[in-house]
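Work through the following exercises with the sequence and the model at hand, and try each task before reading its solution.

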Amino acid sequence: MHYVAMLAATFHVHSDGVNDVLQGHFLSVRSLGWGAALVATVVLIAGIWAVTINERAALMAAREAHTKRRNEELEDRVAARTRELHYQTQLLQRRNEELQAETDALKASVPHNLD
């Protein structure tokens, strides 16, 4: 705020040969008040803008973290389901082999010639 006051006043030294006189031109209190209000408004707007940008960045980071967490959960579910399906496939293959062996044994025990 003191910078506004410094800009609002100008000083000149006037010499009449005998005395040096300091003459100043000062702005009115109203003009000084308007300058201070303008500076305060600019600072306030800059602060609001910074808070808004910060909130948006935090929201974007939270969304990104949520998306990443959901993707990881989905990948874990897919991996678990893939393991389960692989296990079930192996069981079915073993059961198929057992049934094939039983079928072959039955075919071998039945006479081919039924005349």
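A residue is called buried when its relative accessible area is under 20%, exposed when that area is over 50%, and partly exposed in between. The model used here is a predicted one.

**Exercise 1. Describe the fold of the protein chain and the share of its residues that are buried.**

Solution. Begin with the secondary structure: the protein chain contains two helices and two strands, and when these are read along the sequence they give the pattern α-β-β-α. Next, apply the cut-off of under 20% relative accessible area, by which buried residues amount to 4% of the 115 residues in the protein chain.

**Exercise 2. Find the salt bridges in the whole structure, and state where the partners of each lie.**

Solution. The criterion is a side-chain nitrogen of Lys or Arg within 4 Å of a carboxyl oxygen of Asp or Glu, and a search of the whole structure returns two such salt bridges.

Step 1. Another salt bridge links R95 with E98, whose closest N and O atoms are 3.2 Å apart. R95 and E98 likewise both lie in helix α2, with a spacing of three residues, about one turn of the helix. R95 counts as partly exposed because its relative accessibility is 41%, and E98 is partly exposed with a relative accessible area of 43%.

**Exercise 3. Which residues form a negative surface patch, and is D76 buried or exposed?**

Solution. Start from the rule that residues in a patch have over 30% relative accessible area and no salt bridge, with like charges joined within 9 Å. The negative surface patch is formed by E72, E73, E75 and D76. Taking D76 as the example, locate this residue in helix α2, which spans residues 29–109. The relative accessible area of D76 is 54%, so D76 is classed as exposed, the cut-off for that class being over 50%.

Technical notes
Residues are numbered from 1 along each chain as its sequence is written. This is a predicted model: local features need pLDDT of at least 70, side-chain atom pairs count only at pLDDT 80 or more; totals for chains, interfaces and linings use all residues. Side-chain values use heavy atoms; hydrogens and water are left out. Patches are made of residues with over 30% relative accessible area and no salt bridge: like charges are joined within 9 Å, nonpolar side chains (Val, Leu, Ile, Met, Phe, Trp, Tyr) within 5 Å. Accessible areas come from the Shrake-Rupley method with a 1.4 Å probe; for residues, only the protein chains shown count as cover. Lys and Arg count as positive and Asp and Glu as negative; His and the chain ends are not counted. The place of a charge is taken as NZ of Lys, CZ of Arg, CG of Asp or CD of Glu. Helices (H or I, at least four residues) and strands (E, at least two) are DSSP runs, numbered from the N terminus. Buried means under 20% relative accessible area, exposed over 50%, partly exposed in between (1.4 Å probe, protein chains only).
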